[in-house]
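Open the model in your viewer and keep the sequence panel beside it. This tour goes from one backbone feature to the next.

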Amino acid sequence: MTCIQKLSVSILGAALIALGTGQIAQAVLLVESESAVVNPDAKEVLFTINFNRAPDFFTLDEVGRQADSFQYFIDPSGELPIFRPPSAYSNLSSIIRGEEIHVSGDVRIRDVFSVGASEPNSGGWGKIRGSAPYSLDGTVLKFSAPLQFIGDSDGLFSYRLELYEFGGWNGLTNENKSTIASVPEPNFALGALTFGALSVGLRQKRKHKSARSLVNQ
């Protein structure tokens, strides 16, 4: 199936979901661009998603599912694809749940596997590892989380990003790897400026000494 065919199927699926929930259909939520940039000094990762439209995290259907939501599946090994043998979730360390924004007002991060009875609003996933506040500026969503929350230590992880409409996956997926933020050499520019100033000063001092010597001769 081509990408265009997949998109058509996703759009049709979203329309049927909207009709089934009695909600007004919107354009299918898509990812225009996304990234996960790690600050190695702070041991923190900044997730950024640029959607094709502003997402709606607070309109709910009759069973409490968000109009728009997302999930990240985190693999600390850094390998792709994310879902691979021996089982789909066996390589994962955590799941980031945009589906719970309407509950807590932030982005919850959970263990993949549950132990005992499921927690309310968990979607059947494991216990909460932590949560992160998010910002939404038009179509751009951002949130930062400590690497410890997502179960990674070196900042080199892979992930799968999925989008959902009223709890149904829209069929489109982004798989990617984290990147490490580049940090400029400290004081490089200041050092170069200082060196240049000292060089000019020394040249002027030499010229002054030479002029005094000619006068005294």
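Strands here are DSSP runs of E with at least two residues, numbered from the N terminus. The model is a predicted one.

Begin with a general point about backbones. Most peptide bonds are trans, and most residues other than glycine have a negative phi. The stops below concern peptide bonds and phi angles.

**Stop 1: Leu80 and Pro81.** Select these two residues and look at the bond that joins them. The peptide bond between Leu80 and Pro81 is cis, with omega at about 0 degrees. Pro81 sits in the loop that runs between strand S3 (69-75) and strand S4 (94-97).

**Stop 2: Pro85 and Pro86.** Where is Pro86? Pro86 is in the loop between S3 and S4. Pro85 and Pro86 are joined by a cis peptide bond, and omega there is about 10 degrees.

**Stop 3: Lys43.** Now select Lys43, in the loop between strand S1 (31-39) and strand S2 (44-51). Lys43 is not a glycine, but its phi is positive, near 50 degrees. Is Lys43 buried or exposed? Lys43 counts as exposed because its relative accessibility is 52%, and exposed means over 50%.

**Stop 4: Phe166.** Move on to Phe166, which lies in the loop between strand S9 (158-165) and strand S10 (168-177). The phi of Phe166 is positive, about 50 degrees, although Phe166 is not a glycine. Is Phe166 buried or exposed? The relative accessibility of Phe166 is 8%, so Phe166 counts as buried; the cut-off for buried is under 20%.

Technical notes: Residues are numbered from 1 along each chain as its sequence is written. This is a predicted model: local features need pLDDT of at least 70, side-chain atom pairs count only at pLDDT 80 or more; totals for chains, interfaces and linings use all residues. Side-chain values use heavy atoms; hydrogens and water are left out. Helices (H or I, at least four residues) and strands (E, at least two) are DSSP runs, numbered from the N terminus. Buried means under 20% relative accessible area, exposed over 50%, partly exposed in between (1.4 Å probe, protein chains only).
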